[in-house]
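I set out to record, entry by entry, what I looked up in this structure. The notes follow the order in which I worked.

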Amino acid sequence: MSKVYDTVVVGAGMAGLVAARDLSTRGRSVLLVEGRDRIGGRTFTDTALGGQLDLGGGYVHWTQPNAWTEMERHGLEQVNPPLESKTLYQLADGKVHTTEEARTYELVGKLFADARKRFPLPFNVGAVDNGDINDQTLEQRIDSLQLSKHDSDLIKGALGGLVHNYAMHGSTQLLFAVASNFGSYAAELETAGTWCITGGMKKLSDAIQDESRAELRLSTAITKITDSGSGVTLSTSNGTEIQAKTAILALPINTMRHITITPSLPPSVRKMLADGNPVRGSKLWVIVRGHVEPFSAMAPAGQHPLNAVRVEKRWGDNTAILCMISDSDSIKHDDHEAVQKALRLFVPDIEVIDTAWYDWNGDEFSQGGWMMHRPRHFLEGAVQIRKGHGRISFAGADIAAMAPCTIDGAMNSGAAAAVQVENILNGQKIRPKV
């Protein structure tokens, strides 16, 4: 007779690692399954360009309670900022500008002026009725300010490293993020993308897994999950079945939507999964010759292939530059001449030596980049899915209640799902399946 686990956690990213660790160290029998041949999910520290680089999520901050608590727990509090930029280049109205930073943040402040009024209690996303902006796109919110092309581009450039297409994303997720960071978009940018762990995120994912007592199965993809009411059956791609009392799906929604879940999920969740995460962006590391003066650059999505650029660190005798790309198809990442041409719009004499990246869009277990929700889903499908579905719970940065789209959010989500499962195992009444 096959073993029946207390819970099976699907996905060994940060959410799944935390959920499996929390439940297994409480004495529950836990199986952690992961489709890839490694743990870490959309964080991925790899050897590239002669050193260690985070090719996926790589940023944490001491104001992020879940991430920082884990780092302190494992003695990983040493974090490094990028080199301080001397110049900020901004593409607006077809021209590059170097004196618009103050103006940009004044405009962005107007864009998100109502953030704290909309989300006064970020831990309770429904504290205020935001139905009037539930369908609003970022494009529509920007247009509502009735700005010149120049000023509109300044705002779009400031958002360029977070989006894929302004017309595809709802406005509510970024309003929530700004509200969660003291009403400041600059604070949101610092917490979400400035400080990295010395040695890479792998140190943190390995530390969490080393503490866990969960059984780990790599290269194991789940295709079907059935909740019978008294237990859960998970089917793998190789035809085997796993039995458990409960399950946690800790996956990106673009992967989750390919798993058959029975009984059917609520309509708002099905709609969110069907629409998917629209982000098709990427993170590109570029090594340039010599020690160039540190700089940053911003460019609106759709107007330049590199949308957020920052000199990150020295790389021996050379310099490592981080580029966030809103649309991966806009540039061939290994075409050094194309990347050099794009960078030379800002720094004319820069010379590209090499590049490194990971294709998260082509990875069958991510099928996209970081999460930036379409309209409606942040306040509907994401809220509904966190409630659980019978004996199936859900976790991940894509659907996190706090700090969505971040490592901290993934950890928060995993811990919350573990508590939800613990309550079910302790006999708490299960929420009826809709």
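**Entry 1: Two domains**

I began with the distance between the domains: the C-alpha centres of domain 1 and domain 2 lie 29 Å apart. I note at the outset that the model is a predicted one. I then looked up where the domains run in the chain. The domain assignment gives domain 1 as 4-42 + 200-277 + 366-426, and it gives domain 2 as 83-193 + 282-359.

**Entry 2: Where the domains meet**

How many residues of domain 1 are in contact with domain 2? I found 17 residues of domain 1 in contact with 22 residues of domain 2. I reminded myself that the size of an interface is often given as the accessible area lost when the parts come together. For domain 1 and domain 2 the buried area is about 1800 Å², and carbon and sulfur atoms give 62% of that area.

I turned next to the polar side of this interface. Eight residue pairs are in polar contact between domain 1 and domain 2, both residues being at pLDDT 80 or more. The count of salt bridges between the two domains is one. I also looked up R376, which forms a salt bridge with D135; their closest N and O atoms are 2.8 Å apart.

**Entry 3: Salt bridges in the whole structure**

I counted 23 salt bridges in the structure. Another pair that I looked up is R21 and E70, which form a salt bridge with their closest N and O atoms 2.5 Å apart. R21 lies in helix α1 (residues 14-24) and E70 lies in helix α2 (residues 65-73), so this pair ties together parts that are 49 residues apart in sequence.

**Entry 4: An open sheet**

In what order do the seven strands of the open sheet stand? I read the order as β7-β6-β15-β16-β17-β14-β18, with mixed pairing. The edge strands are β7 (95-97) and β18 (352-356), each of which pairs on one side only. From one strand to the next, the twist averages 25°.

I recalled that strands of a sheet pair through backbone hydrogen bonds, either parallel or antiparallel. Strands β15 (residues 295-298) and β16 (residues 308-315) run antiparallel and are joined by three bridges. Within this part of the sheet, M298 stands opposite A308 in β16.

I also looked up what packs on the sheet. Helix α12 (residues 336-344) does so, touching β14 (282-288), β16, β17 (318-325) and β18. The direction of α12 makes about 105° with that of β18.

**Entry 5: Two backbone details**

Is the peptide bond from T262 to P263 cis or trans? I found it to be cis, with omega near -5°. P263 lies in the loop between β13 (260-262) and α11 (267-275).

Lastly, I looked up L49, which has a positive phi of about 55° although it is not a glycine. L49 is found in the loop between β3 (45-48) and β4 (51-54).

Key
Residues numbered from 1 in each chain as written. Predicted model: local features only at pLDDT ≥ 70, side-chain atom pairs only at ≥ 80, totals over all residues. Heavy atoms only, no water. Pairing = 2+ DSSP bridges. Helix = DSSP H or I, 4+ residues; strand = E, 2+ residues; numbered from the N terminus. Axes fitted to C-alpha atoms, helices over the stretch in contact; angles between N-to-C directions. Contact = heavy atoms within 4.5 Å. Domains from an automatic or database assignment. Buried area = accessible area lost by both parts, 1.4 Å probe. Salt bridge = Lys/Arg side-chain N within 4 Å of Asp/Glu carboxyl O. Polar contact = N/O pair within 3.5 Å; in protein donor to acceptor, adjacent residues only side chain to side chain.
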